[in-house]
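Work through the exercises below with the model open. Try each task before reading its solution.

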Amino acid sequence: MMKIFGLRNCNTCIKALKWLRQSKVDFEYFDIREVQLTKFQIDTWAKIVGWDKLVNKRGSTWRNLPKEIKENLNNEKLVRLVLTHRALIKRPIFVDSGIVISGFSIEQENILTNYFKGVKRPSG
């Protein structure tokens, strides 16, 4: 079953969840502020999608970070930063066996549509 990580009040997450329900996709939703994310999860997601797609640098959380924190970031520092400031995660994150997708635009919708065509889902 696909796991979705997002924020309850995030408009993009709400839109994605609506799309998943309309597409009759079984999923489990996790609010990133309420679940215990691990270093392993964040590191794995970053390795699959890349930090540029995992970290939301357009949001207020990133913009409000001090300049010295945003400079000279490496993998370890980024993992700690994301675990400390979970709203930095570009949302939603779709996780299923073999895939991790961050964000929900027409591009991600098309990727997910093609993915679900190849995945056998329970009927009903």
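**Exercise 1. Burial and surface**

What percentage of the 124 residues of the protein count as buried?

Solution. First, the ground rules. This is a predicted model, where local features need pLDDT of at least 70, side-chain atom pairs count only at pLDDT 80 or more, and totals for chains, interfaces and linings use all residues. Numbering starts from 1 along each chain as its sequence is written, and side-chain values use heavy atoms, with hydrogens and water left out.

Next, the cut-offs: buried means under 20% relative accessible area, exposed over 50%, and partly exposed in between (1.4 Å probe, protein chains only). By this rule, 44% of the 124 residues are buried. Then take the surface. The accessible area (Shrake-Rupley method, 1.4 Å probe) is about 7,800 Å² for the protein. Carbon and sulfur atoms hold 49% of that surface.

**Exercise 2. Fold and dimensions**

List the elements of the protein in order, then test its radius of gyration against the globule rule.

Solution. Count the DSSP runs: helices (H or I, at least four residues) and strands (E, at least two), numbered from the N terminus. There are seven helices and four strands. The order from the N terminus is β-α-β-α-α-α-α-α-β-β-α.

The C-alpha trace spans about 50 × 25 × 25 Å along the principal axes.

Finish with contacts (heavy atoms within 4.5 Å). Among those with a separation of 6 or more, 66% join residues 24 or more positions apart.

**Exercise 3. Salt bridges**

How many salt bridges does a search of the whole structure find?

Solution. The search returns four.

- Arginine 8 pairs with glutamate 34, N to O 2.8 Å. The partners sit 26 residues apart, arginine 8 in the loop between strand 1 (2-6) and helix 1 (11-22), glutamate 34 in the loop between strand 2 (27-31) and helix 2 (39-49). Glutamate 34 is exposed at 54%.
- Glutamate 76 pairs with arginine 80 at 3.2 Å. They are four residues apart in helix 6 (residues 75-84), so about one helical turn separates them. Glutamate 76 is exposed at 52%; arginine 80 is partly exposed at 41%.
- Lysine 67 pairs with glutamate 71 at 4.0 Å. Lysine 67 is exposed at 60%, while glutamate 71 is partly exposed at 37%.

Notes. Salt bridge = Lys/Arg side-chain N within 4 Å of Asp/Glu carboxyl O.
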